[in-house]
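Me: I'm new to this one. Can you walk me through it?
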Amino acid sequence: MAIKQELEKKEKRTCLYDKHISLGATMVTFGGFDMPLLYQNAGIAPEHMAVREHVGLFDVSHMGEVTVKGKDAERYVQHIFTNDIAGAPVGKIYYGMMCYENGGTVDDLLVYKLGENDFFLVINAANIDKDWAWMQEHAAGFDIDLQNRSDFYGQIALQGPESEDIMERVLSLPCKELSFYTCKTIGETLISRTGYTGEDGFEVYGTHDFIRACWDKLIAAGVQACGLGCRDTLRFEVGLPLYGDELSEDITPIMAGLGMFVKLDKAEFIGKEALARQKAEGPARKLVGIELFDKAIPRHGYTVLKDGQPIGEVTTGYHTLSTDKSVCMALIDAQYAALDTEVEIQIRKKVFPGKVVKKQFYSKSYKK
């Protein structure tokens, strides 16, 4: 029994696990998976800047994939998803949230429209089991075929200003015609112009063997492998949320400043009434950006103060590699959320002054 329990607790591995080991990656547990944190002895900076200036390659096979097909596929997705996909063209991708009845966030996700009654949902690795159970629970009364395909797909992300050229030249995957947040299928392979870095880029989904072959071609061509460390710094600099930090069952999309992805003019979706009420009344807490006047680094969980009194806490913080500033995102009392409001952050035994700024600390470079 003890052996069985230990096996059950063991981290999952993606189809690219041995590739990371061969490259000497520092491995960490994330979302239940054994994943690469970084590949460079010099830290995450070289990987981060490779994506900002050239191109970088990420293993994102830990992400979950769920397919929704059938006569009621669109109606079902509309029911569980905050964004509005009604009448969407085939090949379009939407970002949004699944929410509880009280407005709290089940997960944030991407919805791909692959056909008139065919949708592909991409969910966060740490939430696969929870999301799948929740989706099944709310599928009653819909004529759909709902399948968890997370174990079937491998996935890589190629990110950076040179990604289009590399996709076409090295992988022979035609992609120039794709605009931001669109996709296409080539057999069992799905290609999308999406990513989590603020740069132009692509995500490729396919069989494990296909993804392994793509990885080998890209590494042989000299593309920089990138780990979770710079994935976090890259997404943070452009204000993209991470579930568990900027979104959670206690942090609604309205609190997180993601109201543009909550379409309250839709007929219905789970959590609509609570979110509409919160938007009308104004949330008690808001997610903001904070820039410190000092070089100190604010970390997750550090207390935000106003005149010495606690008003919230940091969700993510770094000294940014692209802008050389000490900044963070923080969830604070709404009355202090106005731009340029002066606040302080408790870092260990010292208090450092700063001010509220926009959450996007670096300008995005997506292809329109």
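Me: What do the buried residues of α3 pack against?
Reply: They pack against β2 (33-38), β3, β9, β13 (224-226) and α8. Buried means under 20% relative accessible area, exposed over 50%, and partly exposed in between (1.4 Å probe, protein chains only). Helices (H or I, at least four residues) and strands (E, at least two) are DSSP runs, numbered from the N terminus.

Me: What should I know about the model itself?
Reply: This is a predicted model: local features need pLDDT of at least 70, side-chain atom pairs count only at pLDDT 80 or more, and totals for chains, interfaces and linings use all residues. Residues are numbered from 1 along each chain as its sequence is written, and side-chain values use heavy atoms, with hydrogens and water left out.

Me: Back to α3. Which of its residues are buried?
Reply: In α3 (residues 45-53), they are E47, H48, A50, V51 and R52.

Me: What does R52 meet in a salt bridge?
Reply: The side chain of E237, at 3.0 Å, N to O. A salt bridge is a side-chain nitrogen of Lys or Arg within 4 Å of a carboxyl oxygen of Asp or Glu. R52 lies in helix α3 and E237 in helix α8, so the pair ties together parts that are 185 residues apart in sequence. Both R52 and E237 are buried.

Me: How many salt bridges are there in the whole structure?
Reply: A search finds 17. One of them joins D232 to R235, with the closest N and O atoms 2.8 Å apart. The two are three residues apart in helix α8, so about one helical turn separates them. D232 and R235 are also linked with D245 and E246 in a network of salt bridges.

Me: And R75, which residue does its side chain meet?
Reply: D72, at 3.3 Å, N to O. R75 counts as partly exposed because its relative accessibility is 45%. D72 is buried, at 10%.

Me: How many bridges pair β4 with β7?
Reply: Six, between residues 64-69 of β4 and 118-123 of β7. K69 has D118 as its bridge partner there.

Me: How many residues of β9 are buried?
Reply: Six of its six. G154, I156 and L158 point one way, while Q155, A157 and Q159 point the other.

Me: Which strands make the closed barrel?
Reply: Six strands: β14-β17-β16-β15-β18-β19, paired antiparallel. Seven bridges pair β14 (residues 285-292) with β17 (residues 326-333). E291 has V327 in β17 as its bridge partner.

Conventions:
Pairing = 2+ DSSP bridges. Contact = heavy atoms within 4.5 Å.
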